[in-house]
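Subject: Structure handover

Hello,

Here is the structure for your files. My notes on it follow below.

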Amino acid sequence: MKLQTTVRDCLYLNWALPVEILPEPAPPLRYQVHSWQGRDYAFASALLFHQDALHFSAVPILRFGYPQLNLRFYVLDGEGTPSVFISRMLMPTWMAPGVRLLTHQPASRARLDFPRPSRETSEQPWRWRVRRHGALEVRAWQDSPRVGEGPRFGSWEQTVRYFHERPRGYVESAGALHKIDARHPPAACWPVRAELSGDNLFRRLLPISSNGGAPWPSLHSAWLCPEIPFVFELGLVPKVQVSPGMPHPAAGRVTSPALRHRPSREAAGVVLASAA
């Protein structure tokens with residue numbers, strides 16, 4: 001099943017999370033783990049964006065557009081390819097049932113009010129608002145590149161590539177992994193400063209274990225991509241059962257700076273393809 005779309009005004013919010021509080025991903029996926037200050041971390045992101053002109057390649061006339069928030073973890077798949085595992089997707093009520101039925105993706109209904117920074121002439125900051133059994137507001141504005149709490153990948157450009165260059169995405173449905181192969185041209189991005197407020201919506205949505213009521217970690221990095229056209233294809237990967245003797249997904253640790261970034265020829269890493 002091949003689809004095409006253009007993702008617009010995509011806000012990336014990235015966190016480094018201790019591996020020990022994360023659930024094990026569906027095999028054969030394993031977290032891409034990095035050591036920092038004596039502790040192992042894996043990355044998670046929330047992407048907030050508008051999906052424009054989404055359509056099946058075979059039926060270009062029938063097109064849809066809608067806002068979406070999705071949550072993903074950064075993993076290695078069974079072939080060791082840098083990928084993303086999409087754990088949750090929030091989208092308008094009228095779209096979510098069809099997405100679940102046709103693509104087997106973890107779509108849930110929510111109220112989303114997202115800005116269009118690339119089109120707006122008003123002064124910053126921009127505001128994203130989400131309601132789903134709670135509320136979230138993100139306030140962001142253009143700023144100089146900065147990296148907060150968590151492992152480092154070198155320059156700002158290397159940091160962005162780590163998150164973007166992921167040619168595969170995965171979702172889990174009905175006991176099976178569904179694979180998403182994506183490709184898109186390199187996309188421009190604007191470094192931003194972001195502030196989050198609300199009642200811990202991300203804590204409810206991200207499946208992490210309790211950490212004693214400690215506050216949600218601060219952002220590792222944030223940026224906005226004005227426009228990303230891409231093509232993606234959905235497929236099925238049989239789920240593999242993990243034997244009791246297999247190691248924790250931390251086996252995917254990347255400790256050498258030279259190995260932290262594995263560029264993809266297709267530069268398909270945003271894997272916004274999974275946003276359908």
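Is Cys 189 buried, partly exposed or exposed? Cys 189 is partly exposed, with a relative accessible area of 24%. On the scale used here, buried means under 20% relative accessible area, exposed means over 50%, and partly exposed lies in between, with a 1.4 Å probe and protein chains only.

Before the rest, the ground rules. This is a predicted model, in which local features need pLDDT of at least 70, side-chain atom pairs count only at pLDDT 80 or more, and totals for chains, interfaces and linings use all residues. Residues are numbered from 1 along each chain as its sequence is written, and side-chain values use heavy atoms, with hydrogens and water left out.

Confidence

pLDDT is the predictor's confidence in each residue, from 0 to 100. Its mean over the protein is 78, and 71% of the residues reach 70 or more. A contact means heavy atoms within 4.5 Å. Where pLDDT is low, the predicted coordinates should not be read in detail.

Overall

The protein has 3 helices and 14 strands; these are DSSP runs numbered from the N terminus, with at least four residues for helices (H or I) and at least two for strands (E). Of its 276 residues, 54% count as buried. Among contacts with a separation of 6 or more, 74% are between residues 24 or more positions apart. The accessible surface is about 12,300 Å², and 52% of it belongs to carbon and sulfur atoms; areas come from the Shrake-Rupley method with a 1.4 Å probe, and for residues only the protein chains shown count as cover.

Strand E6

Strand E6 (residues 82-91) has 9 of its 10 residues buried. Strands count as paired if DSSP finds at least two bridges between them. E6 pairs with strand E5 (residues 64-76) in the antiparallel sense over 8 bridges, and Arg 72 stands opposite Ile 86 there. The hairpin of E5 and E6 has 5 residues between the strands, and in it Gly 80 takes a positive phi near 80°.

E6 also has parallel partners. It is joined by 3 bridges to strand E11 (residues 168-173), where Tyr 170 is the bridge partner of Phe 85. Another 3 bridges join E6 to strand E7 (residues 107-109), again parallel, with Met 89 opposite Ala 107.

Met 91 is also found in E6 and is buried, at 0% relative accessible area. Met 91 and Leu 69 are 22 residues apart in sequence, with their C-alpha atoms 6.7 Å apart.

Nonpolar cores

A nonpolar core is a set of buried Ala, Val, Leu, Ile, Met, Phe, Trp, Tyr and Cys residues joined through side-chain atoms within 4.5 Å. The largest has 43 residues, of which Leu 13, Leu 48, Leu 69, Phe 73, Trp 128, Val 130 and Phe 202 touch the most other members. Apart from it lies another core, of 27 residues, among them Met 89, Met 91, Ala 107 and Val 171.

Cysteines

A search of the whole structure finds 0 disulfides, a disulfide being a pair of cysteine sulfur atoms within 2.5 Å. The sulfur of Cys 10 is too far for a bond, because the closest cysteine sulfur, in Cys 225, is 5.7 Å away. Cys 189 is in no disulfide either; its nearest cysteine sulfur, also that of Cys 225, is 5.2 Å away. Cys 10 is buried, with a relative accessible area of 0%.

Backbone points to check

Most residues other than glycine have a negative phi, and most peptide bonds are trans. A cis peptide bond joins Pro 27 and Pro 28, with omega about 10°; Pro 28 lies in the loop between strand E1 (2-18) and E2. Gln 37, not a glycine, has a positive phi near 50°. Gln 37 sits in the loop between strand E3 (34-36) and strand E4 (39-56), and at 67% relative accessibility counts as exposed. His 133 likewise has a positive phi, of about 50°. His 133 is in the loop between strand E9 (126-131) and strand E10 (135-142), and is exposed, with a relative accessible area of 64%.

Regards
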